Amino acid sequence: MAFNVDQIRDQFPSLKSGVAHFDGPGGTQTPESVGTAIYQAITGPLANRGTTTEAERAAESTVIEARSAMADLLNVDARGIVFGRSMTQLTFDFARTLAQDWKPGDEVVVSKLDHDANVRPWVRYAEKTGATLRWIEFDPATGHLDVSDVEAVVNERTKVVAVTAAGNILGTKPDIPAIAKVVHAVGALLYVDGVHNTAHSVVDVAAMGADFYGCSPYKFFGPHIGVMSAKPELLESLHPDKLLPSTEVVPERFELGTLPYELLAGITAAVDFIAGMDPSASGSRRERIVASMEEAEVHEHSLSHRLRSGLDAMPNVTVYSNARSKTPTELFSLAGIDSQRIYQELASKKVNAPAGNFYAIECSRHLGLGDGGAVRAGLAPYNTTEEIDRLLNALSEIKA
Ligand SMILES: Cc1ncc(COP(=O)(O)O)c(C=O)c1O
């Protein structure tokens, strides 16, 4: 049998509460298999990585397996997978490392579409080094970020361009392969935030042309940890601050302190869960991931169509997510009603769709929503048509 939403839902203990979760862009619910993998890793024999004892070998294999799982998910070399506390922390770390040779006259480019995790680290290190900061604008009317918006701000002085593969409040998916060509033509590096994108797309970092691609497994059924991927050769050329006795080997050079082995076991389980979302898929794990994510995308997009038609039919609703290419994430407000109140009224009906700027603060401001943002409803593979109807009905009952 192919993708079956009931079978998917059965694997999520938290969904039994009856709450309709449209808060996936903030972090999805977690399947039982991921919790079990974390529990087994942390309660089994476990020591620091090594080859002598069973406990050391357990730690070693959780690391190797998690790198391999992420490599399959992103279609990259496992030797280029770096784990860290969060995508935010990894981006601050990489910004600090890349900024070692920045100087006045160099340029750094960030976008107004992005979550602040892919903005502020670059802003801060541009300030510290005297490099010039440039902003990629997007069209607030459509939420579309065009390749020409990137072309307008890069030149031979550009060191890094930081841009998202999918905006976390508008869902906008910029054309990253085309942007990569523009960025590489001027000799700069492309740092892509894949946190929101990875939950909704078949990711092929090699085909995208990103030099760095970051994501966060808690956005795709896994534990709260961050992942950054880059070509091993690129990582070899970079020298982060590190402890004297810690290894120079890549990718470990970038992983400060002891890795959270139990969370790494959870990552592997999350990737295996994704690969199994379409039980009829066969072949390598990568092939099963591609087949499953394609099925999940079809499911999410059909729900998204229903949600969008429902929102568009409500005269008092403004929807801000209008890009041609986007994830099934909608940002909207109701005329004359505070978005926080909408969030609370929905929550009282067991419909979770929070409101705010979701740390995409520049994006919220650029849309004219200030720092307050709006309501976000994001879909995940476990959502159903019945839940969409509950959301729409609950919205229609909220009075100004
Ligand atoms: C698009 C996007 N980028 C970055 C982040 C930050 O990720 P992390 O919590 O792993 O630092 C988030 C979190 O919401 C996000 O949605």
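I noted the ground rules next. This is a predicted model, where local features need pLDDT of at least 70, side-chain atom pairs count only at pLDDT 80 or more, and totals for chains, interfaces and linings use all residues. Residues are numbered from 1 along each chain as its sequence is written, and side-chain values use heavy atoms, with hydrogens and water left out.

A ligand nitrogen lies 2.5 Å from a side-chain N or O atom of Asp193. A ligand oxygen lies 2.9 Å from a polar backbone atom of Met87. The protein covers 90% of the 390 Å² of accessible area that the ligand has on its own (Shrake-Rupley method, 1.4 Å probe). I listed the residues around the ligand (a heavy atom within 4 Å); among them are His115, Asn168, His196 and Tyr218. Helix 4 (87-98) and helix 8 each supply at least two residues of this shell (helices are DSSP runs of H or I, at least four residues, numbered from the N terminus).

Loop residue. I then checked Ala199, in the loop between helix 8 (195-198) and helix 9 (205-208). Ala199 is buried, at 16% relative accessible area (buried means under 20%, 1.4 Å probe, protein chains only). Leaving out residues up to four places away in sequence, Ala199 touches Lys219, Phe220, Met293 and Glu300 (heavy atoms within 4.5 Å). Lys219 also belongs to the ligand's surroundings.

Definitions and conventions
Buried < 20%, exposed > 50% of the residue type's maximum accessible area, 1.4 Å probe, protein only. Polar contact = N/O pair within 3.5 Å; in protein donor to acceptor, adjacent residues only side chain to side chain.
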